[in-house]
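Subject: The structure, and some notes on it

Hi,

Here is the structure I said I would pass on. Have a look at it first, and then read on for my notes.

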Amino acid sequence: MNILDIITRKKNGESLSYDELKYAFNGYLNGEIPDYQMSALLMAITINGMSMSETISLTDIFIKSGEIYDLHNRMQYVVDKHSTGGVGDSTTLVIGPLCAALGLHMAKMSGRGLGYTGGTIDKLEAIPGFNVLPSIQDFYDQVENIGFAISAQTPNLVPLDKLIYALRDVTGTTESIPLIASSIMSKKIAAGANNILIDIKVGSGALIKTEEDAKQLSKWLIAIGEAYERNVKTIISDMNTPLSFAIGNALEVIEAINVLNGKKCPLLDASLEIAANLLSMAKRIPYEEAYKQAEEAIYSKKALKKFAEFVSNQGGDLANLNVSKRVIPVKAKIDGVIKNIDALGAAKLAQKLGASKMKLDDKIDYSVGIMLKVKKGDIVKRGDLLMYLYVGDTLPKLRNVDFEFINIV
Ligand code: URA
């Protein structure tokens, strides 16, 4: 076999066999195939696509590149959720404890932020002392005893995805549906859950920009799940507007706590929907009944108690969560109606304040961010408060255009 033939065959729109894919991808993992040849192959895949059978083969090769955790042999109701990435999306911090309060088990391997979208691990690192990389033994013991644990992806879980993802990020090949599907599903299957809910975010602040692509991705995720006898469900949700009022790491932890305290907002609605779907899938009960149980777990504060247990078990000290004391109000310059709050624009402003990285070696300031005080459809008068900026020691140069993500007409 020869890598040039494989690249050429894909460039010409032909299907690759399991062995050809294995040769190319495992060769890349072993350092035998250089970046430039893998980049060419990824670009050919992005342009010409892959069949379902090629995508399932690639998922299999990804899964077998690392350790496979057989959780469902140890626990009965093992669930997992994945979001394709959004702005102000701290649902994991709500859903994990909520699922634990409902008697489910969630062993969540999470990522860091990618581009403008925030990552759960960055949010948890805002909590002083929180250990994002417990030993595998501690991690699964916590899942068994408390019902929920989060770990940054261990180096042993689908190492091939980590390498390929980094290369896709810098070669314009992130949007390929078969590559996204095998990347997501390989990690979910290797991590061991048998009931998996994938929240496909669509819109300006998301990786997937159109409803059509989201539907396409959904089909592929479900088909891969079927091939591995996993129960997979997808929901498609809007990411043109930030999911929560808070954008920034410590602020999003606080917002998740507010939601666990019963604060009525879109983040609560999204979390209830996902948790109810997982409960209904795992325990095979009707969705409406599962939704009621999920609401009860929030309003009785059972989920909040699980959150506190989860944080303290992983060494976190919530009492010392640091939110910047330098707070700047931003006010409306005209009278009007809030027509839109653009997720991408909000994320860019939060990034400028230091809430996420612009370059690989940037340091995140966990204490900064934005707290929105208005929502789409609100009527505002000139001088009304639109948001608070929580800023760090050095204030970046901000221009009018940085605030135009709140569109008042
Ligand atoms: N999330 C992933 O894990 N992989 C992708 O390729 C896209 C979103």
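How many bridges join S6 to strand S9? Please keep in mind that this is a predicted model. S6 and S9 (residues 369-372) run antiparallel and are joined by 2 bridges, and Ala246 stands opposite Met371 in S9. Both strands belong to an open sheet of 4 strands, paired antiparallel in the order S6-S9-S11-S7. The edges are strand S6 (246-247) and strand S7 (326-331); each has a single partner strand, so one side of each is left without a neighbour in the sheet.

Now to the start of the chain. Helix H1 covers residues 3-11, and its buried residues are Ile3, Ile6, Ile7 and Lys10. Because these residues cover an arc of only 95 degrees around the axis, they sit on the same side of H1. Among what covers them are helix H2 (18-29), helix H3 (35-48) and helix H4 (52-63). Both ends of H1 are worth a look. At its start, a side-chain oxygen of Asn2 comes to within 2.8 Å of the backbone nitrogen of Leu4. After H1 comes Gly13, with a positive phi near 85 degrees.

Glu229 has a phi near 55 degrees and is found in the loop between helix H10 (211-227) and strand S5 (231-238). Its relative accessibility is 74%, so Glu229 counts as exposed. For Lys301, phi is about 70 degrees; this residue lies in the loop between helix H13 (287-299) and helix H14 (302-313). Lys301 is partly exposed, with a relative accessible area of 31%.

Last, the aromatic side chains. The structure holds 7 aromatic pairs. In one of them, Tyr69 and Tyr140 have ring centres 5.5 Å apart and planes at 45 degrees, so the pair is tilted. Tyr69 lies in the loop between H4 and strand S1 (78-83), and Tyr140 in helix H7 (residues 136-145), so the pair ties together parts that are 71 residues apart in sequence. Are these two tyrosines buried or exposed? Both Tyr69 and Tyr140 are buried. Elsewhere, Phe130, Phe148, Phe307 and Phe310 form one aromatic cluster. There is also a charge over a ring: Arg168 lies over the face of Tyr165, 5.1 Å from the ring centre.

Conventions:
Residues are numbered from 1 along each chain as its sequence is written. This is a predicted model: local features need pLDDT of at least 70, side-chain atom pairs count only at pLDDT 80 or more; totals for chains, interfaces and linings use all residues. Side-chain values use heavy atoms; hydrogens and water are left out. Buried means under 20% relative accessible area, exposed over 50%, partly exposed in between (1.4 Å probe, protein chains only). The arc is that of the directions from the helix axis to the C-beta atoms. Contact means heavy atoms within 4.5 Å. A polar contact is a pair of N or O atoms within 3.5 Å; within protein, one must be able to donate a hydrogen and the other to accept it, and residues adjacent in sequence count only if both atoms are side-chain atoms. Two strands pair if DSSP finds at least two bridges between them. Rings of Phe, Tyr and Trp (its six-membered ring) pair if their centres lie within 6.5 Å; planes under 30 degrees apart count as stacked, over 60 as edge-to-face and the rest as tilted. A charge sits over a ring if NZ of Lys or CZ of Arg is within 6 Å of the ring centre and within 35 degrees of the ring normal.
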